[in-house]
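Dear colleague,

I am passing on the structure we spoke about, and my notes follow it. Please read them with the structure open beside you.

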Amino acid sequence: AAAGAAGGEEEEDTRVPVTVLTGFLGAGKTTLLNRILQEQHGKKIAVIENEFGEVGVDDELVRGAGRGGKYESREEIFEMNNGCICCTVRGDLVRLLGKILRRTAARKLDGIIIETTGLADPAPVAQTFFMDESIKARARLDAIITVVDARHALPKLREKRAPGVEIEAIEQVAFADKILLNKIDLVDEEQLAEVEAELRKTNKVAPILRCERAVVDVKELIGVSAFDLDRVLEMDPEFLEDGEHEHDATVVSVGIVSKGSCDLGRLNVWIATLVREQGVDLFRYKGVLSVAGEADKFVFQGVHMVFEGRPSRAWAEGEERVNKLIFIGRNLDKQALTEGFNAVLVEE
């Protein structure tokens with residue numbers, strides 16, 4: 001317990017600490033969550049994940065990384081596939097938090113992590129812990145952690161905003177209590193210094209932790225007591241008011257759901273062509289695929305021109321082999337993307 005101002009002692013805050021994990025599309029939030037779920041850190045953590053778009057694949061990307069698709073850990077994953085967590089689903093967030101806190105009352109949680117969609121302004125999520133009395137009594141906002149992609153951050157951080165339109169990548173940095181500068185292995189020291197200087201224009205106080213493949217000690221994320229309401233109110237006097245905000249309407253998502261299996265050769269050609277011709281406009285793309293002749297699911301994800309894929313867990317006996325893909329970016333043609341993908345499917 002900390003000493004009080006009058007020389008006494010304050011009671012220990014026993015509320016569950018909540019970490020809001022944010023960062024623009026492809027910064028490395030899912031990779032970070034996978035590390036938290038797999039490491040033997042001994043903490044009991046509940047994870048709430050959310051994604052933007054009509055087709056949900058993040059749950060597979062997270063769960064599929066574990067051995068056999070299951071984790072021998074003490075975390076739980078709760079999924080919200082409702083789009084923008086920062087506005088339309090705050091009520092759902094409150095209900096889900098309440099459910100978690102009730103279920104875990106008998107076995108004290110070490111923390112809750114809320115992963116927001118890459119297109120979310122973290123401020124309204126943070127407001128939940130000050131505006132809803134039932135949540136405020138049992139949980140506290142511990143820190144807003146923003147993951148930044150060292151290779152792709154500069155254009156977003158320097159983007160000019162239209163009047164009244166938020167640039168979420170900048171809002172995410174502004175509200176960060178800690179900044180994880182990820183993928184530092186993909187750039188040189190000169191670019192790292194340039195990115196850090198740009199980050200400091202928006203947030204002068206948050207510690208910047210450099211990392212590769214989101215390797216960060218969980219102690220840097222849970223129970224750090226880094227959120228400072230006074231600093232936030234100084235930056236945004238209307239933080240505790242329930243205001244409206246406008247997203248960049250040019251950013252859209254295209255979801256594809258198709259039965260069948262992919263010809264691996266055709267798939268590679270299609271992805272390579274897509275990345276080469278539209279990579280600049282592809283902020284984020286990811287999916288879970290059925291590959292002809294393979295027993296395992298194939299998961300892939302990419303950011304602009306950077307793409308990676310790997311086998312995941314096996315398709316369960318009797319499970320229908322359905323392909324799910326999501327593309328998020330600008331100038332996306334749903335019909336062309338759907339036709340292009342369907343052309344790689346084969347009959348088995």
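In these notes a residue is called buried when its relative accessible area is under 20%, exposed when it is over 50%, and partly exposed in between, with a 1.4 Å probe and protein chains only. This is a predicted model, in which local features need pLDDT of at least 70 and side-chain atom pairs count only at pLDDT 80 or more, while totals for chains, interfaces and linings use all residues. Residues are numbered from 1 along each chain as its sequence is written, and side-chain values use heavy atoms, with hydrogens and water left out.

Helices (H or I, at least four residues) and strands (E, at least two) are DSSP runs numbered from the N terminus. In helix H1, the buried residues are Lys-29, Thr-30, Leu-32, Leu-33, Asn-34, Ile-36 and Leu-37. Because these are seven of the ten residues of H1 (residues 29–38), the helix is largely enclosed by the rest of the structure.

A nonpolar core here is a set of buried Ala, Val, Leu, Ile, Met, Phe, Trp, Tyr and Cys residues joined through side-chain atoms within 4.5 Å. The largest one has 24 residues, and those touching the most other members are Ile-48, Leu-97, Ile-100, Ile-112, Ile-114, Phe-129 and Ile-135. At least two residues of this core come from each of strands E1 (16–22), E2 (45–50), E4 (111–115) and E5 (139–149) and helices H3 (90–103) and H4 (122–131), with H3 giving the largest share, six residues. Counting contacts as heavy atoms within 4.5 Å, and leaving out residues up to four places away in sequence, Phe-129 touches Val-18, Leu-97, Ile-114, Ile-135, Lys-136, Ala-139, Arg-140 and Leu-141.

Asp-177 sits in the loop between helix H7 (168–174) and strand E6 (178–182), and it is buried, at 6% relative accessible area. Its side chain reaches the backbone nitrogen of Ile-144 at 2.7 Å.

If a disulfide is taken as a pair of cysteine sulfur atoms within 2.5 Å, the count is zero. Cys-211 is buried at 3% relative accessibility, and Cys-262 is buried at 0%.

Finally, some words on confidence: pLDDT is the predictor's confidence in each residue, from 0 to 100. The protein chain averages 75, and 72% of the residues score at least 70. Over residues 52–58 pLDDT stays under 50, and the model has 35 contacts beyond four places in sequence for them.

With best wishes

Definitions and conventions:
A polar contact is a pair of N or O atoms within 3.5 Å; within protein, one must be able to donate a hydrogen and the other to accept it, and residues adjacent in sequence count only if both atoms are side-chain atoms.
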